[in-house]
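Subject: Structure for you to look at

Dear colleague,

I am handing over the structure below, together with notes on what was found in it. Please read them with the model open beside you.

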Amino acid sequence: MMVPPLSERPVTEEDEEQFRRESMPHKYTLRQRWADYRADAKANRPKGAKARVRAWLHVEPFYWGMRATYVVLVVGAVFAVYINGVANGWWHAWGDKPTVAATTPTARPAPSASSPTDAAMSGGYQIGPDGVLVRPAEHAASTYTKPELPEEAKENTEKGAEAAARHYLDLIVYAWNSGDTQPLVDMSDPSSNFATGHIANTKEMYTNGWSFGNTATVQEVLRLEAVPTQGGTIPPNTIGVRFRVNANYGTRCKGQSITVDNTEHSSTISLFMTWTDGRWTEVQGSAKDHDEE
């Protein structure tokens with residue numbers, strides 16, 4: 001059987017496709033070049049550590065660029081992970097040493113006006129465990145000292161009665177600011193409605209509440225004279241004292257309600273002071289707005 005020459009063989013579609021592929025220009029891509037390089041490097045890898053290092057350093061500039069690119073990418077990825085970890089609190093920043101206070105839980109102090117905590121607040125005041133706003137430490141009841149009876153108030157004279165009446169006003173202010181009504185009780189006659197009203201109001205205020213900043217300043221003595229017994233309704237040895245007073249109600253708290261009144265109010269205070277058992281005692285009194293006089 002004779003084989004015809006190549007030029008006389010019938011051309012099939014497979015032959016034509018193979019011819020077309022073989023005649024197309026060959027594209028030598030970057031990936032193929034890198035693969036050829038790796039295969040050639042593996043085949044020609046020198047033996048020994050020193051020889052490999054020397055061979056690794058003596059390469060073409062193209063491959064040095066590839067190596068530098070890989071190093072930059074790796075370093076960038078590591079740095080991005082580090083920054084993200086610091087931002088999310090996975091670890092501390094470089095050189096930032098955690099303190100004991102930041103890592104060790106501390107005991108939470110009890111609610112108080114001088115030690116701010118995470119307790120509930122209302123109107124800028126902390127709510128105490130009893131549900132009442134905590135009184136500020138700088139205005140605590142202990143900051144108000146009990147007034148001392150002046151020596152002049154120990155004399156059985158009109159001036160002594162005036163000094164005793166001034167002291168009595170100081171006891172009213174002290175009771176309102178501290179809640180201590182006992183000094184006021186000690187200088188008041190049990191029959192005095194004026195004293196009973198002040199004592200009751202103060203006690204009611206300090207039931208789930210408190211007050212501070214109350215003041216009463218005598219501006220003028222309007223009357224100072226002996227008072228007739230009026231058929232036995234007024235005890236003997238009684239001196240009537242009438243003052244014009246500028247009063248400031250200050251800050252009052254009831255439960256979780258705060259009332260602040262720093263406006264000065266002008267009032268007229270009348271007190272009947274009776275000399276009995278060697279001292280002055282308030283037996284009756286009244287308070288009115290100064291404009292009503």
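Glu204 has its place in helix 8, where helices (H or I, at least four residues) and strands (E, at least two) are DSSP runs numbered from the N terminus. At 47% relative accessibility Glu204 counts as partly exposed, given that buried means under 20% relative accessible area, exposed over 50%, and partly exposed in between (1.4 Å probe, protein chains only). Although Glu204 and Gly179 are 25 residues apart in sequence, they are 9.6 Å apart in space, C-alpha to C-alpha.

Please bear in mind that this is a predicted model, in which local features need pLDDT of at least 70 and side-chain atom pairs count only at pLDDT 80 or more, while totals for chains, interfaces and linings use all residues. Residues are numbered from 1 along each chain as its sequence is written, and side-chain values use heavy atoms, with hydrogens and water left out.

As for the whole, the secondary structure of the protein comes to eight helices and seven strands, and 27% of its 293 residues count as buried. Taking contact to mean heavy atoms within 4.5 Å, 56% of the contacts between residues at least 6 apart in sequence join residues at least 24 apart.

Helix 8 also packs against helix 6: their axes come within 9 Å and cross at roughly 20 degrees, the axes being lines fitted to C-alpha atoms, for helices over the stretch in contact, with angles running from 0 to 180 degrees between N-to-C directions. Helix 6 is therefore roughly parallel to helix 8, since angles under 35 degrees count as roughly parallel, over 145 as roughly antiparallel, 65 to 115 as roughly perpendicular and the rest as oblique. On the side of helix 6 the contact is made by Tyr168, Ile172, Ala175 and Trp176, and on the side of helix 8 by Phe194, Ala195, His198, Asn201, Thr202 and Met205. These residues divide into seven nonpolar, three polar and no charged, where Ala, Val, Leu, Ile, Met, Phe, Trp, Tyr, Cys and Pro count as nonpolar, Asp, Glu, Lys and Arg as charged, and the others, Gly among them, as polar.

Leaving aside neighbours within four places in sequence, Leu271 is in contact with residues including Ala165, Tyr168, Leu169, Phe194 and Ile239.

Asn246 lies in strand 5 and is buried, with a relative accessible area of 17%. Beyond its neighbours within four places in sequence, Asn246 is in contact with Thr215, Ala216, Thr217, Gln219, Glu264, His265 and Ser266.

Finally, two loop residues deserve a mention. Asn208, in the loop between helix 8 and strand 3 (209-212), has a positive phi of about 65 degrees although it is not a glycine. Asp277, in the loop between strand 6 and strand 7 (279-289), has a positive phi near 55 degrees, again in a residue other than glycine, and at 75% relative accessibility Asp277 counts as exposed.
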